[in-house]
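Here is a short briefing to read alongside your structure. Keep the viewer open and follow the topics below in any order you like.

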Amino acid sequence: MRSVRPTSIRLLALVVSAGLVVGAGLPVLVRRLGGDVPLLSWGPALLLAAAAGVVAIVARVTWKAVHQDHQRVNADRALFHLALAQASSRVGALLLGGYAGFALAYLDLFETANGRDRVLHGGGAAVAAALLLAAGLVMERVCRLPTEGDEDDEDDDGSRSKASPTPT
C-alpha cells in the first residue's frame with residue numbers, strides 16, 4: 001500500500017496562482033460580455049471563517065485523541081479526516097487566490113463605494129480562505145500517526161525525556 005504524501009507547498013502555490021488569475025480576470029470577462037460584476041457581501045467571508053473553525057476544532061479533537069490520549073482511530077474515520085484536511089487546504093488555496101484576485105482587480109477603484117466594498121469584502125473572504133487553508137494544513141499534520149520511537153521518548157506529561165537523544 002502506498003503512503004499518502006503531505007500536500008506540497010508547490011501545489012498550493014500553483015492553486016493560489018490559478019485562483020488569482022481567475023479572480024482578477026472574472027470582472028474583466030463579465031464587463032466584456034456586457035454584464036454587471038456582482039457585489040460581494042460578508043457572507044462568503046463568514047462562511048469560510050466558520051468552515052476554518054470547524055476544521056480547526058476537528059483537528060484539535062483528533063490531536064487530543066491520537067497524540068495525547070493515544071486512542072486508536074477507526075480507519076474509515078482517519079481517511080475521512082485526511083480527506084477533510086486535504087480538501088480544506090486545496091479549496092482554501094483556490095478561494096484565497098480567487099477572492100484576492102477579485103479584490104486586487106478593484107484596488108484602483110477603492111475611492112468609490114462599490115470599489116471599496118469589493119476590495120474589503122473580497123479581502124475579508126481571502127483572509128478567511130487563508131484560515132481555511134491553514135486549518136487544513138494543521139489537520140493534515142495532526143493525521144500523522146506517532147511512530148514507535150515517538151511514544152517511547154515521551155514522558156507521561158507529553159514532554160521529551162532528557163535521557164533520549166534529540167534529532168539534530
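A crossing of two helices is called left-handed if the near helix is turned anticlockwise from the far one by less than a right angle, and right-handed if it is turned clockwise. Helices here are DSSP runs of H or I with at least four residues, strands are runs of E with at least two, and both are numbered from the N terminus. With that in hand, the crossing of H2 and H4 is left-handed. Please bear in mind that this is a predicted model, in which local features need pLDDT of at least 70, side-chain atom pairs count only at pLDDT 80 or more, and totals for chains, interfaces and linings use all residues. Residues are numbered from 1 along each chain as its sequence is written, and side-chain values use heavy atoms, with hydrogens and water left out.

**Overall make-up**

- The chain holds five helices and zero strands, and from the N terminus its elements read α-α-α-α-α.
- Of the 168 residues in the chain, 31% are buried (buried is under 20% relative accessible area, exposed is over 50%, and partly exposed lies in between, with a 1.4 Å probe and protein chains only).

**How the helices pack**

- Helix H2 spans residues 43-68 and helix H4 spans residues 113-142; their axes come within 8 Å and cross at roughly 15°. That angle makes H2 roughly parallel to H4.
- For these values, axes are lines fitted to C-alpha atoms, for helices over the stretch in contact, and angles run from 0 to 180 degrees between N-to-C directions. Angles under 35 degrees count as roughly parallel, over 145 as roughly antiparallel, 65 to 115 as roughly perpendicular, and the rest as oblique.
- H2 also meets helix H3 (residues 75-105), with axes that come within 11 Å and cross at roughly 150°. H2 and H3 are therefore roughly antiparallel to each other, and their crossing is left-handed.

**The aromatic pair and its arginine**

- How many aromatic pairs does the count come to? The count is one aromatic pair, where rings of Phe, Tyr and Trp (its six-membered ring) pair if their centres lie within 6.5 Å, and planes under 30 degrees apart count as stacked, over 60 as edge-to-face and the rest as tilted.
- The partners are Phe 102 and Tyr 106: their ring centres are 5.4 Å apart and their planes are at 50°, so the pair is tilted.
- Phe 102 is buried at 7% relative accessible area, and Tyr 106 is buried at 3%.
- Arg 118 lies over the face of Tyr 106, 4.8 Å from the ring centre (a charge sits over a ring if NZ of Lys or CZ of Arg is within 6 Å of the ring centre and within 35 degrees of the ring normal).

**Residues to look up**

- Leu 14 belongs to helix H1, residues 9-32, and counts as exposed at 58% relative accessibility. Its C-alpha atom is separated by 8.9 Å from that of Ala 93, although Leu 14 and Ala 93 are 79 residues apart along the chain.
- Trp 63 is part of helix H2 and is partly exposed, at 33% relative accessibility. Trp 63 and Arg 141 are 78 residues apart in sequence, with 9.2 Å from C-alpha to C-alpha.
- His 70 sits in the loop between H2 and H3, where its phi is near 55°, a positive value in a residue other than glycine. With a relative accessible area of 45%, His 70 is partly exposed.
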